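Dear colleague,

Please find below the structure that I am handing over to you. I would be grateful if you could read the findings beside it.

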Amino acid sequence: MWIKSVCPLLLAALAAATPVTERALTAKVEKCGGYAARNVRRSDTSLSADLKLVGKGCAVYGKDLERLRLEVNYDSNERLHVKIIDPEEERYQVPEFTLPRPAAKKEGGAKQSDIVFKLQENPFAFSVVRKSTGEKLFDTTGNALVFEEQYIRLATNLPSDPNIYGLGEHTETFRLPNKNFTRTIWNRDAYGVPANSNLYGAHPVYFEHRKDGTHGVFMLNSNGMDIKLDEVKGAGKLEYNIIGGIIDLYFVAGPTPEKVAQQYSEISGKPTLTPYWGLGNHQCRYGYRDWIDVAEVVANYSSAGIPLETMWTDIDYMYERWVFTLDPDRFPLDKMRTIVDRLHANKQNYIVMVDPAIAYQDYDTFNRGVDDGVFLKESDGTIHKGVVWPGVTVFPDWFHPNVTAFWNNEFAQFFDKDAGVDIDGIWIDMNEPASFCDWPCADPEAIAKEQDMPPKRAAVRTAPRPIEGFPETYNTKSKRGVEVPEIYTTKAKRGEVDPLIDPPYDIANEVGGLSDKTVHTDIVHYDGHVEYDVHNLYGTSMSTATYDAALARRPSRRPFIITRSTFVGAGTKVGKWLGDNLSTWHHYRNSISGVLSFASIYQIPLVGADVCGFGGNTTSTLCARWTTLGAFAPFYRNHNGDTSIPQEPYLWPIVASAAKNAINIRYAMLDYLYTALHRQSATGTPAVQPLWFQYPKDSKTYPLDLQYLYGPSLMVAPVTAENETSVAVYFPEDVWYDYHTHARVAPGNHTLTDIDFDQIPLFVRGGSILPLRKATGAMTTAEVRERDFELLVFPGKNGEASGELYLDDGDSLVQKATSSVTFEYKKGKLSAKGSFGYKMGKVGVSGVTVVGKKSAKKVGKLSLEKGWSVEV
């Protein structure tokens with residue numbers, strides 16, 4: 001959530017924001033001499049050289065390093081690793097415990113690789129060339145390398161108008177602008193997720209797509225950076241401007257988009273597989289004032305007949321916003337345990353938020369942290385303080401050797417199954433890390449008081465109406481209101497600082513200096529790492545600690561964790577929500593690009609936006625459309641802020657209808673999606689993809705980010721304009737079917753009309769078999785799992801079709817048995833082949849529809865515990 005409430009004028013300004021020019025390519029470097037390569041050493045699998053500064057250097061932002069070392073390794077036939085480092089290797093590098101490096105494969109080296117390294121010795125430059133086409137995929141020729149203590153500049157030449165995707169986190173179009181455009185990477189609290197701004201995550205990787213192939217480029221560096229895209233003399237250029245660390249580049253060859261994603265996943269790590277229930281419908285709000293609100297929402301979902309899988313509670317449940325506490329008056333333990341017990345009895349789930357910032361107060365969690373020494377400290381040994389929701393706060397040092405035991409213990413005690421709040425998953429927020437205090441934050445106590453942190457709590461009340469399951473409320477009557485807190489603003493002045501606070505090159509950090517509204521960048525962690533270098537790792541480090549704590553608490557079950565701040569590799573432990581968006585049509589549309597970026601580029605497939613928007617007030621039509629769209633993201637949650645009107649789907653008839661319709665389809669497709677997510681966890685093949693991944697030769701698909709593939713077969717094409725009932729959709733050359741009517745759709749451009757606000761256009765690629773649950777009326781994913789399957793067969797051009805289905809128990813960390821089934825339809829016969837280890841009990845296939853076939857044979861009930869072949 002954001003750090004403050006927001007006035008309507010600011011909401012309007014954020015909603016209308018469009019990309020603006022930051023700055024062109026870095027000046028003052030054109031005449032730099034760069035380096036010369038000497039002592040070049042080559043082998044079958046590697047190349048190395050010494051780099052010597054030419055002349056006195058540039059001193060653009062400090063003194064140039066006189067000597068560097070170049071290291072090139074052919075890690076595999078598809079992956080090339082290029083490093084430029086200081087000879088003594090004293091400069092900061094991303095620690096292996098944060099991102100383990102992939103092992104090199106024993107393959108053919110340079111002779112067998114499809115991407116090869118070409119060296120120009122004087123002046124030093126290099127290119128990465130695709131051997132099969134001769135194309136230069138990365139080419140620094142004519143762009144002098146600048147390597148200074150706190151500034152590195154590396155630039156590559158690109159084709160004109162290149163197709164670049166990635167470099168997140170951002171809210172730009174999925175295909176990035178490439179003229180006079182800057183992508184800044186520095187994690188921050190970013191209410192309203194504005195365009196042309198650094199946001200919560202750091203993912204310095206991009207995929208470039210050309211008609212002859214796709215490749216990927218990953219800069220393994222966690223320091224702040226500006227990555228600039230521009231056009232120079234009719235050609236494209238991409239320029240890194242980095243304020244520390246080293247050059248550590250991985251190139252992956254592809255050549256198909258899916259292969260690039262798979263190859264990148266070998267570097268980032270394969271994503272974790274969510275528990276099956278995590279794909280259900282989730283509900284949250286910042287501003288549920290007490291247990292009564294939470295219980296009412298659960299009851300209202302049930303009364304409205306809308307499936308609710310998981311109820312969430314934001315920081316409202318805490319006493320004075322202190323983590324690992326309950327407000328004894330508004331969220332007393334007995335009421336919280338009753339709510340959780342009722343959810344569990346109905347096979348539903350419960351999740352709460354945990355922030356990293358711990359109140360600087362005399363209470364158990366803080367005191368245990370002090371005793372363990374796990375909080376970040378100033379140079380004089382005192383604890384570093386910030387200001388967050390509890391007021392004055394301290395921050396765990398995730399690099400401290402005691403922090404795992406500390407975090408595990410807090411989870412074990414507060415979330416104790418028998419005596420605490422028995423949660424099923426965890427939500428971590430504010431972990432960029434966020435602070436409400438600008439540097440130097442010399443008097444956090446005064447600033448907390450000025451900002452009224454912690455916020456004033458709502459008055460204690462009795463239940464305003466009867467709530468199902470709480471007999472003590474059955475004789476009460478009242479009406480509900482929404483409390484809107486005041487708006488607070490503050491600004492601190494910056495003074496004379498050292499280079500770790502104010503480096504000579506200023507990245508375009510939206511909030512100002514590097515240490516504004518976050519932990520100060522001169523803080524040294526217990527193991528010697530400096531926050532200046534590892535700031536962008538804080539959120540992912542917290543994710544790892546939280547995953548370990550969740551696993552210690554329930555060792556046999558897959559953790560379900562949703563985070564806000566991410567770095568490369570976060571997907572191996574957690575999912576991601578897209579942050580504090582706004583209830584606007586722009587953010588509704590933009591959510592698609594966000595899902596595509598994280599699922600198909602960054603390898604964090606469990607991703608989704610706050611459905612209906614977090615900030616500002618939604619409308620019934622926007623919320624209805626968003627409810628249908630959100631159902632086709634891997635993570636599906638309605639969530640909004642305390643100053644916004646309530647937006648639970650049952651509050652408007654049209655939104656309730658949209659929720660029922662969309663969830664019915666989503667739940668029917670749960671195993672289809674689960675199969676795609678399992679495939680991504682095993683191979684890196686994205687579960688959600690842009691159209692150009694499957695149609696790489698069709699240039700009309702390259703900019704498309706308002707229609708996409710959900711799983712391998714379903715195209716989602718929502719209405720995207722305000723209060724419209726029509727949408728223009730492009731169908732690449734292929735066989736297409738309308739999911740709802742099963743009618744064939746010709747390739748090309750179509751305008752769809754008369755689309756009700758509770759409906760969403762969906763289309764199926766020919767050649768697909770969809771394994772669907774008969775989920776109508778199911779209120780939980782547990783109930784879905786008890787339903788039979790039906791197979792929908794959509795023949796392709798050759799009259800054939802195929803599909804996959806992965807089955808397991810949906811929850812265990814280590815599976816005792818699984819099934820992987822391939823369905824094939826050919827010449828009127830439908831078959832199932834594969835491995836059949838998972839026992840399905842009475843559940844099987846009890847329906848088959850071959851789309852386009854006028855009459856079909858009844859096949860009876862087909863087993864999912866063995867192979868078979870039947871005529872249909």
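The findings are set out by topic below.

Please bear in mind throughout that this is a predicted model.

Nonpolar cores

The largest nonpolar core comprises 226 residues. Leu-70, Tyr-240, Leu-249, Trp-407 and Phe-632 are the residues with the most contacts inside this core. Helix 12, which spans residues 653-668, supplies the largest share of the core, namely nine residues.

The surroundings of Tyr-240 may be given in detail. Leaving out residues up to four places away in sequence, Tyr-240 touches Phe-138, Ile-152, Arg-153, Leu-154, Tyr-206, Val-217, Met-219, Asp-226, Ile-227 and Leu-249.

Helix 11 (residues 620-630) packs against helix 12 at an angle of about 5°, and their axes are 8 Å apart. Angles under 35 degrees count as roughly parallel, and helix 11 and helix 12 are therefore described as roughly parallel to each other. On the side of helix 11 the contact is made by Ser-620, Cys-623, Ala-624, Thr-627, Thr-628 and Gly-630; on the side of helix 12 it is made by Ile-654, Val-655, Ala-658, Ala-659, Ala-662 and Arg-666. By class, the residues of this contact are seven nonpolar, four polar and one charged.

Helix 11 also meets helix 10 (residues 585-601): their axes come within 10 Å and cross at roughly 5°. Helix 10 and helix 11 are therefore roughly parallel to each other as well. Helix 10 contributes Trp-585, His-587, Tyr-588, Ser-591 and Ile-592 to the contact, while helix 11 contributes Thr-621, Leu-622, Arg-625, Trp-626 and Leu-629. These residues divide into six nonpolar, three polar and one charged.

Aromatic pairs

A search of the whole structure gives 53 aromatic pairs. One of them joins Phe-124 and Phe-126 in a tilted arrangement, with 6.1 Å from centre to centre and 35° between the planes. Both Phe-124 and Phe-126 are buried. Elsewhere, ring pairs link a cluster made up of Tyr-317, Phe-324, Tyr-360, Phe-366, Phe-375, Trp-398, Phe-406, Trp-407, Phe-411, Phe-414, Phe-415 and Tyr-538.

Individual residues

His-535 lies in the loop between helix 8 (531-534) and helix 9 (538-553). His-535 counts as buried because its relative accessibility is 0%. Apart from residues up to four places away in sequence, His-535 touches Trp-186, Asn-187, Glu-432, Pro-433 and Thr-518.

Lys-576 belongs to strand 25 (residues 575-577). Lys-576 likewise counts as buried, at 0% relative accessibility. Its C-alpha atom is 5.1 Å from that of Ile-562, a residue 14 residues apart from Lys-576 along the chain. Beyond its neighbours within four places in sequence, Lys-576 is in contact with residues including Glu-169, Tyr-200, Ile-562, Arg-564, Phe-598 and Phe-635.

Gln-112 is located in the loop between strand 4 (79-85) and strand 5 (115-120). With a relative accessible area of 54%, Gln-112 is exposed. Gln-112 touches Asn-77 and Lys-131, if residues up to four places away in sequence are not counted. The C-alpha atoms of Gln-112 and His-203 are separated by 30 Å, and these two residues are 91 residues apart along the chain.

Yours sincerely

Terms used
Residues numbered from 1 in each chain as written. Predicted model: local features only at pLDDT ≥ 70, side-chain atom pairs only at ≥ 80, totals over all residues. Heavy atoms only, no water. Core = buried A, V, L, I, M, F, W, Y, C linked by side-chain atoms within 4.5 Å. Buried < 20%, exposed > 50% of the residue type's maximum accessible area, 1.4 Å probe, protein only. Helix = DSSP H or I, 4+ residues; strand = E, 2+ residues; numbered from the N terminus. Contact = heavy atoms within 4.5 Å. Axes fitted to C-alpha atoms, helices over the stretch in contact; angles between N-to-C directions. Parallel < 35°, antiparallel > 145°, perpendicular 65-115°, else oblique. Nonpolar A, V, L, I, M, F, W, Y, C, P; charged D, E, K, R; others polar. Phe/Tyr/Trp six-rings, centres within 6.5 Å; stacked < 30°, edge-to-face > 60°.
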